[in-house]
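Okay, thanks everyone, I'll keep this short. Let me put the structure up, and then we'll walk through a few spots together.

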Amino acid sequence: MAEIHTTPKEVIVADTESGGRLDRVLASQIAELSRSRLKALILAGKVTVGGGTILDPGHHVNAGDLIIVDVPPPEAAEPAGEAIPLDIVFEDDSIIIIEKPKGLVVHPAAGHQTGTLVNALIAHCGDSLSGIGGVRRPGIVHRLDKDTTGLLIVAKNDRAHASLAAQFADHGRTGPLERAYLAFVWGVPDRPRGTIDKPLGRHPHARDKMAIRADGREAITHWEVLETFNDSEGKPVASLLECRLETGRTHQIRVHLASIGHPLLGDEVYGPGFKTKAALLDKKAKSALEGLGRQALHAYLLAVTHPVSGEFLEFQSELPSDLTRLQNALAAGQHGQKPHRHEKSKR
């Protein structure tokens with residue numbers, strides 16, 4: 001990688017900012033660096049005010065002060081980049097949106113130190129990663145489970161990371177962020193739509209699982225029935241739901257749907273008790289389910305405000321081939337009966 005040189009950033013304190021904290025004034029003037037990054041640079045002795053080095057982020061500045069910030073080039077990324085193919089939906093200097101396939105872990109962790117999306121992004125983006133917190137790495141603001149497919153957005157720099165993190169923290173409650181999933185579940189809910197408001201926390205006996213817990217963190221999932229599937233005798237056996245998140249907890253949709261008696265097809269972690277339901281499916285549908293090898297969940301809708309341009313971006317993703325096969329097989333297994341498709345409510 002070629003050596004990268006940076007030009008010190010200069011800020012002159014305006015009259016309206018006189019008396020303000022050094023880190024806050026810098027954050028308001030240098031949009032591409034997060035306040036936490038600027039604070040770290042101050043503590044590292046990389047910031048001078050009027051020619052003198054200031055090590056206190058809370059130092060009060062005066063109107064007319066010349067502040068110089070020496071921003072070192074981003075450190076080399078860890079872990080190393082790996083040439084893993086990516087299905088890119090959108091990319092510019094600030095963000096990248098990809099279609100995550102099944103089997104791809106988003107971030108390195110115990111048992112998955114290599115072969116992750118982060119490894120792939122480091123290799124793909126290269127020098128276009130201007131640094132998150134001073135390190136040349138992608139900014140992960142949300143995740144999808146290893147075997148959940150669909151749309152995922154990643155930041156390429158501090159400014160984009162801060163903006164996207166704020167949007168995802170808000171979860172669309174006051175902003176335009178939208179995330180929606182398509183979920184194939186066992187059974188058919190007794191009403192066309194509903195909301196699950198149950199707190200989630202680590203399972204008390206299985207640390208790799210989540211559970212409904214009174215002392216857990218707030219978790220809210222809105223669901224709506226899109227399509228229902230019957231067995232050969234006309235009895236409801238499965239349905240396709242749209243799920244929209246108001247919070248973003250680990251395994252949220254999987255735990256919430258299982259808690260109301262409608263676990264995801266193929267989810268062996270939260271729906272093992274429903275394995276016998278496969279006997280209700282015809283040969284083709286049963287084969288499609290067995291070939292799935294994962295939970296039947298796909299992140300099909302993602303809408304955000306672009307962190308730099310402010311443009312509203314909306315992307316939709318078609319079902320991947322394995323879920324399309326499952327959907328077609330479930331519909332075909334009704335022996336001439338048409339699957340019941342529900343009219344979606346307008347949002």
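One term before we start: when I say a residue is buried, I mean its relative accessible area is under 20%. And keep in mind that what you're looking at is a predicted model.

So, let's begin with helix α1, which runs over residues 22-29. Which residues are buried there? That would be L22, D23, V25 and L26. Around the helix axis they cover an arc of only 165 degrees, so they sit on the same side of α1.

Next, a look at N157. You'll find N157 in the loop that links β8 (149-155) to α4 (158-170). Buried or exposed? With a relative accessible area of 10%, N157 is buried, because the cut-off is under 20%.

Last stop, H251. This residue is in the loop between β14 (236-245) and α5 (252-259). H251 isn't a glycine, and yet its phi is positive, about 60 degrees. H251 has 16% relative accessibility, so it counts as buried too.

That's my tour, happy to go back to any of these on the screen.

How values were computed: Residues are numbered from 1 along each chain as its sequence is written. This is a predicted model: local features need pLDDT of at least 70, side-chain atom pairs count only at pLDDT 80 or more; totals for chains, interfaces and linings use all residues. Side-chain values use heavy atoms; hydrogens and water are left out. Buried means under 20% relative accessible area, exposed over 50%, partly exposed in between (1.4 Å probe, protein chains only). Helices (H or I, at least four residues) and strands (E, at least two) are DSSP runs, numbered from the N terminus. The arc is that of the directions from the helix axis to the C-beta atoms.
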